[in-house]
Amino acid sequence: MLTEELRAEVARLKRERDAVVLAHYYVPPETQELADHVGDSFALARLAATLPNRTLVFAGVRFMAESAKLLSPEKTVLMPDVTADCPMAHMVRRETVDAARRQYGDDVAVVCYVNSTAEVKSWSDVCVTSSNAVRIVRALPQRNVLFVPDRHLGRYVASQVPEKNVILNDGFCPIHQAISAAEVEALMAQHPDAAVLAHPECGPEALAHADVVGSTAEIIAAAEAGSASAYVILTVDGVRGELERRCAGSGKRFYFPATRPSCPDMDRITSERLVACLREGTGEVGLPPEDVAAAARATLDRMLELGAR
Ligand code: SF4
């Protein structure tokens, strides 16, 4: 429970540190309430690069804070819990990338989802998010695309850009992958009028039931603009707060799979840890070695350049 005293203290600490708090939709609701900006990976990555504040506090998992540091190396980037990491960010091996480059030479682009470590980004040509992946892959000059680390987002991109040969890697988000088609079918049977909105990190069987496939921000926008009065939401349930805020007064109802998809790493970013981080200035995220940082930054810059078009 956030008290007025606590909110006032957070506001004072932000002023003292010249800090801005950026929170992902998947972190706990109280953490989102204390943030200056709440968004998905793409929105936060773009914002982080433009904000004037000296300190960026990233209420999310490690790859997000790492990306912010790469794009704003002169700033102090803090995380409320430095152990909050995305398992999928590590699910690609260097040999996979090297093998694709050997096989296709100049006619392959290595495309990494933003949910990847700085090292993985440094091996890649361009970074994408779930919002811009289709658009960026379509715009690439190469015909062959190695998509890492998420096989499900890669498969979805391949279905939308059939003119490309998209090579899949074996990574996945354990939370989205665990949403089963049987759970989705049960929800659809209980709420036959509901529209199904799904994140492309879900497996193909669950995704086959979706009326709309999109990033977290696109799911929220579809629910806000949609004419249905009920929605089955296939993503992490941290997004419920933003859905309810944005659709307040509309009477719209939201249903999540019974297994309650929640991300244990995002759940680590509690309001208590956020306040401690602001008080003590702990959880600083540093830069990787210069060669890795330079190559990873180029991959992120290419996304911001292509994504802005
Ligand atoms: S929800 Fe999945 S992709 Fe997102 S941070 Fe958690 S494990 Fe990673």
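A: Let us begin with the charges. Lys and Arg count as positive and Asp and Glu as negative, with His and the chain ends not counted, and the place of a charge is taken as NZ of Lys, CZ of Arg, CG of Asp or CD of Glu. The protein has 33 positive and 42 negative charges, and their mean positions are 3 Å apart. This is a predicted model, in which local features need pLDDT of at least 70 and side-chain atom pairs count only at pLDDT 80 or more, while totals for chains, interfaces and linings use all residues. Residues are numbered from 1 along each chain as its sequence is written, and side-chain values use heavy atoms, with hydrogens and water left out.

Q: How many helices and strands does the protein have?

A: Helices (H or I, at least four residues) and strands (E, at least two) are DSSP runs, numbered from the N terminus. Here there are 16 helices and 12 strands.

Q: What does the radius of gyration say about the overall form?

A: The radius is taken over C-alpha atoms, and the globule rule is 2.2 Å times the number of residues to the power 0.38. For 309 residues a compact globule would have a radius near 19 Å, and the value of 19 Å for this protein agrees. Along the principal axes, the C-alpha atoms fill a box of roughly 60 × 55 × 30 Å.

Q: What share of the residues is buried?

A: Buried means under 20% relative accessible area, exposed over 50%, and partly exposed in between (1.4 Å probe, protein chains only). By that rule, 56% of the 309 residues are buried.

Q: Which residues have the most contacts inside the largest nonpolar core?

A: A nonpolar core is a set of buried Ala, Val, Leu, Ile, Met, Phe, Trp, Tyr and Cys residues joined through side-chain atoms within 4.5 Å. The largest one has 93 residues, and Val111, Phe147 and Ile233 have the most contacts inside it. Helix α4 (residues 62-71) gives the largest share of this core, 6 residues. Apart from it lies another core of 13 residues, including Val184 and Cys202.

Q: Which residues does Val111 touch?

A: Contact means heavy atoms within 4.5 Å. Beyond residues up to four places away in sequence, Val111 touches several others, among them Val126, Leu140, Phe147 and Val148. Across the protein, 62% of the contacts with a separation of 6 or more join residues 24 or more positions apart.

Q: Where does the backbone call for attention?

A: The peptide bond from Val148 to Pro149 is cis, with omega near -15 degrees. Pro149 belongs to the loop between β7 (144-148) and α8 (151-160). Asp18 is not a glycine, yet its phi is positive, at about 50 degrees; this residue sits in the loop between α1 (4-17) and β1 (19-24). Arg260, also not a glycine, has a positive phi of about 50 degrees and lies in the loop between β12 (253-255) and α14 (264-267).

Q: Is Met266 buried or exposed?

A: Met266, in helix α14, counts as buried because its relative accessible area is 3%. Leaving aside neighbours within four places in sequence, its contacts include His24, Tyr26, Pro28 and Met64. Glu30, found in helix α2 (residues 29-34), is partly exposed because its relative accessible area is 26%.
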